[in-house]
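Here are some notes on the packing in this entry. Please read them alongside the coordinates.

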Amino acid sequence: MRTAFTRRNFLKAGIVAGVAIKISSLPQRVEARLIETPPKPGSDWLNAKGKPNYRLDAIAKVTGEKTFSRDYRARDLDGWPQAQSHAFLLHATRTDRAFAGIDLTLLGEDLQPDRVVLHEDLVADGIEIPVPGFYGDVFLVPNGQTARLLGQPVALLVYHDFARYDAAKRRVRFDDTVVRYGEAAPSTTPGHYAAARYVRIDGGDPYAEDRYSSLKETVIRAGFAGDEPQWPAAGAADPMARGMAAAAEIGKEIAAAGEDVLVLKRSYFSQSIDASAMEADNGNVWYDPSTGILRAMIATQSPYEVAEVSAHMLSKSAHPLREIDLKVGYTVGYGTKDHTIFPFFCVLAGLYGEGRPVRLANDRYEQFQTGLKRHAFWMDNVLAIDRKTGKFRAMTGTYRNDGGGRENFSASVGAVGATAAQSIYYLPKSDFSAATVASRAVDAGSTRGYGTLQTMAATEMMLDEAAELLGMDAMDLRLANILRSGMKNTQGAIPAGAMRHEEIIERARAHPLWRERESRKAAFEAENPGKKYGVGYGHVQKDYGTGAEAALAALSFDAGGRLSFAHVAHEMGTGTTTAQAIMVADILGVAPDDTEYGRVKWPQMPLNTKDQPYTTPQDEEDRLKLDPRWTPSFTSPMSASNSVYYLGHATREAARLLVELAVWPAAKALWSRGIGGGQMAPEAVRREDLRLAGGMVNAAGLQPLAFADVAAEAHRQGLVTGITVHTFNRWQWAEAEFDLGDGPRRFAIDALAVRYGEGALAERKALMTLDGWHFVDRNAAFYPPVQRNNAGVTYYAPMATLAEVVVDTATGDVSLLSHHSIMDCGTHVVPELVSGQVQGGLAMGIGHVLKEYLPLYEDGPGDGTWNWNRYELPMASDVAVWSQTVDFLPPLSDTDPPRGMAEVVMIAVVPAVANAITHATGKRFYSLPITPEKILEALA
């Protein structure tokens with residue numbers, strides 16, 4: 001679930017202003033080794049079972065040939081000038097005094113920049129901040145005003161040669177005389193961002209209609225009076241008033257609880273961290289004022305947004321803009337490059353390069369100073385539990401997250417954290433509120449975990465404490481309250497699929513780490529004086545997706561059976577490109593021969609959209625969907641663990657439709673050749689008997705057919721030989737009905753284009769007017785209702801972790817001996833990629849619970865002095881790299897879909913380690929990270 005950030009309206013604004021937008025992959029000569037070495041990585045890529053022996057980009061990685069956006073200069077890009085300019089930003093390191101200009105005296109005459117850009121230059125040139133609010137209100141601090149946030153840029157310095165740029169940047173670093181400040185001045189930090197509240201009271205049992213829920217009625221929203229949300233008054237007049245009345249009822253019940261109820265109240269803190277992406281933010285932009293073309297190579301997870309928002313940003317400026325040509329290269333970010341403001345600073349640099357390409361690239365100090373951070377959370381939980389049965393009666397949570405001086409996705413992160421606070425438990429009554437506040441801190445955004453890491457870790461730590469106070473086994477308490485299939489979440493929505501938490505818990509409690517924890521503790525501590533041993537458990541489920549996921553995929557084959565595949569997904573280090581290709585192979589029995597990822601031009605899909613899937617009223621959407629070329633959203637960025645399930649849905653639907661419309665009818669025709677209907681006639685062969693594997697097509701004992709022969713027959717008959725689909729999901733798949741000349745068919749897509757084979761009739765070929773494709777207008781569209789937005793989430797991936805630790809009572813140091821995880825992520829497309837995600841996520845979670853920490857304000861990252869010498873990341877020795885194990889629940893059937901699991905893998909280990917430290921020391925900790933200093937203080 002994300003905020004109502006829109007982008008397609010910016011594209012329309014760009015078109016109105018006469019701006020054409022072109023987004024493409026790098027030409028093959030300088031390709032960032034993003035996809036593969038054409039036509040395939042090698043004949044050994046797939047094994048006999050059709051599974052990959054290595055990632056598509058693996059050879060380029062291990063041979064050092066793989067490159068990132070950061071590696072490119074103007075000379076590497078076709079058509080760009082050979083000369084390369086460079087730029088860097090000067091930053092404000094205080095917010096209490098007015099900015100009074102810059103003093104570059106220390107640079108001397110030789111190192112003065114070729115161009116200095118200040119706020120006033122941008123105003124004079126008519127350049128506006130893109131998406132006011134989301135990205136703040138100004139790029140650079142205006143003269144005479146305070147900075148909105150620590151580290152906010154005050155000036156952009158452009159150099160036309162690298163040597164002077166490099167020397168100047170080194171000279172001004174850490175020098176506090178360059179940026180000048182005047183008198184104390186009023187704060188310009190924005191007002192607090194948003195407050196949302198999710199209240200639910202069930203109807204007497206988990207399966208009855210709720211008395212009140214967000215899905216049934218509404219999410220409660222509020223503004224602020226000072227630092228506190230001003231919630232609506234309780235009453236019966238409207239849904240929000242009824243929600244507040246329900247919240248008041250829950251509060252009164254908890255306050256009036258008797259001796260038979262344990263009311264546990266605890267406060268928790270989860271810190272701000274730096275995601276420490278291997279590739280710091282960077283971009284290279286060439287603006288040619290003579291042609292009005294802006295060319296860019298920028299590291300981003302959101303290429304659509306960068307190009308379209310840039311067009312809007314410059315549409316009224318003094319810089320004529322006719323075209324934006326954005327090259328998409330390989331990048332890594334895991335959230336840190338999703339809707340960050342940095343690409344637009346790159347655009348600014350290019351505008352003031354005097355016709356030369358300008359490269360703006362953060363070093364590590366600058367990345368700490370300006371890169372998106374994980375939000376700090378303050379959490380106040382109240383849990384009411386029946387002492388006799390251990391059943392939860394009600395839970396409330398009041399959450400506050402610090403979004404820094406730019407809003408970004410902060411309000412959404414707070415709301416998602418609130419909806420995740422229930423963790424894996426069913427709550428008959430719940431009241432969770434999120435208040436997202438502004439501050440002078442560095443801005444925080446879409447970072448791995450997205451608010452759920454913070455709130456679920458707190459709930460799991462609270463669960464173990466509750467079990468101790470009740471005198472119950474922690475596993476028994478979990479089993480008494482787990483969310484089972486068909487039960488509702490705290491928004492009133494029923495999660496998709498089967499909930500298998502009970503199976504996970506039973507596996508965990510049978511594991512030797514848990515079963516033998518007390519005997520192991522006694523034995524270890526007897527043999528190791530001064531050391532305390534502990535085992536802890538954490539069990540969570542993480543949503544995946546944004547509630548407005550859209551994707552496009554295209555599959556086609558030629559008469560020789562050569563398969564081509566294109567997709568909007570692009571690689572950011574997760575192995576997406578490998579997994580999407582394997583999904584095709586799993587359905588068609590052959591892997592694509594030619595692939596293109598990160599495609600953003602889809603002429604065969606002439607769709608129009610306002611791209612406002614969260615905010616369009618139902619009556620307006622009902623009207624808009626009558627247009628067969630309308631969709632709520634065109635495409636999604638790479639985020640929210642969306643690739644394997646949501647983006648993969650487009651891949652799987654395109655492949656299935658190709659089987660349905662081409663492979664099956666062509667194979668039937670081949671099997672039916674000859675007198676009396678051929679070899680197929682004596683058999684009862686059904687569509688469900690069809691099997692495709694190893695490049696062969698089989699069914700019910702019939703002669704196996706080579707895929708190439710079936711493709712040739714499909715072309716001979718003029719069948720559909722190419723499929724392009726568009727998909728949309730609002731916590732439920734959109735569907736649409738199409739007629740391809742043989743009656744209506746309903747598919748889990750909302751737009752379709754087809755390509756016909758070589759033998760198609762002339763009238764059919766005449767329909768292929770869109771780059772060789774026929775866009776098929778749908779008969780009807782069936783979109784999930786707008787109210788479905790209030791579901792918050794319906795897709796979850798669960799994971800549990802057992803952690804084994806030793807605490808040194810003399811130093812407070814925590815050593816992680818081993819950890820074992822249990823996970824349900826559905827069908828594994830590429831098991832090795834799943835394993836890699838698990839291992840990487842666990843390391844990130846261990847760093848969060850034990851080591852990583854950023855102060856929010858002064859002496860925090862905004863002062864520009866932070867690097868990895870000050871910021872402690874976990875090393876291999878800290879994460880039990882050689883003694884970690886993981887157990888995956890087998891799919892319930894061979895039709896189970898894969899689940900998005902890239903975020904959940906880092907969460908369960910956080911409460912597992914915290915609970916293990918408690919088991920070891922007998923002390924509970926409520927503030928992360930749990931440092932040696934905190935442990936020594938608790939033990940004193």
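**Cores and helix packing**

1. The largest nonpolar core has 223 residues, and those with the most contacts inside it are Phe139, Leu294, Trp671, Ile723 and Leu752. A nonpolar core here is a set of buried Ala, Val, Leu, Ile, Met, Phe, Trp, Tyr and Cys residues joined through side-chain atoms within 4.5 Å, where buried means under 20% relative accessible area (1.4 Å probe, protein chains only). Helix α17 (residues 643-671) supplies the largest share of this core, 18 residues. Apart from this core lies another, of 19 residues, including Phe88, Val141, Leu157 and Tyr165.

2. This is a predicted model, in which local features need pLDDT of at least 70 and side-chain atom pairs count only at pLDDT 80 or more, while totals for chains, interfaces and linings use all residues. Residues are numbered from 1 along each chain as its sequence is written, and side-chain values use heavy atoms, with hydrogens and water left out.

3. Helix α10 (residues 452-470) packs against helix α11 (residues 474-481) at an angle of about 110 degrees, with the axes 9 Å apart. Axes are lines fitted to C-alpha atoms over the stretch in contact, and angles run from 0 to 180 degrees between N-to-C directions. The pair is therefore roughly perpendicular (65 to 115 degrees).

4. In contact terms (heavy atoms within 4.5 Å), Glu460, Leu463, Asp464, Ala466, Ala467 and Leu470 of α10 meet Ala474, Leu477 and Arg478 of α11.

5. The axes of α10 and helix α21 (residues 909-921) come within 8 Å and cross at roughly 35 degrees. Leu453, Ala457, Glu460, Met461 and Asp464 of α10 make this contact with Val910, Pro911, Ala914 and Asn915 of α21.

Key
Buried means under 20% relative accessible area, exposed over 50%, partly exposed in between (1.4 Å probe, protein chains only). Helices (H or I, at least four residues) and strands (E, at least two) are DSSP runs, numbered from the N terminus. Angles under 35 degrees count as roughly parallel, over 145 as roughly antiparallel, 65 to 115 as roughly perpendicular and the rest as oblique.
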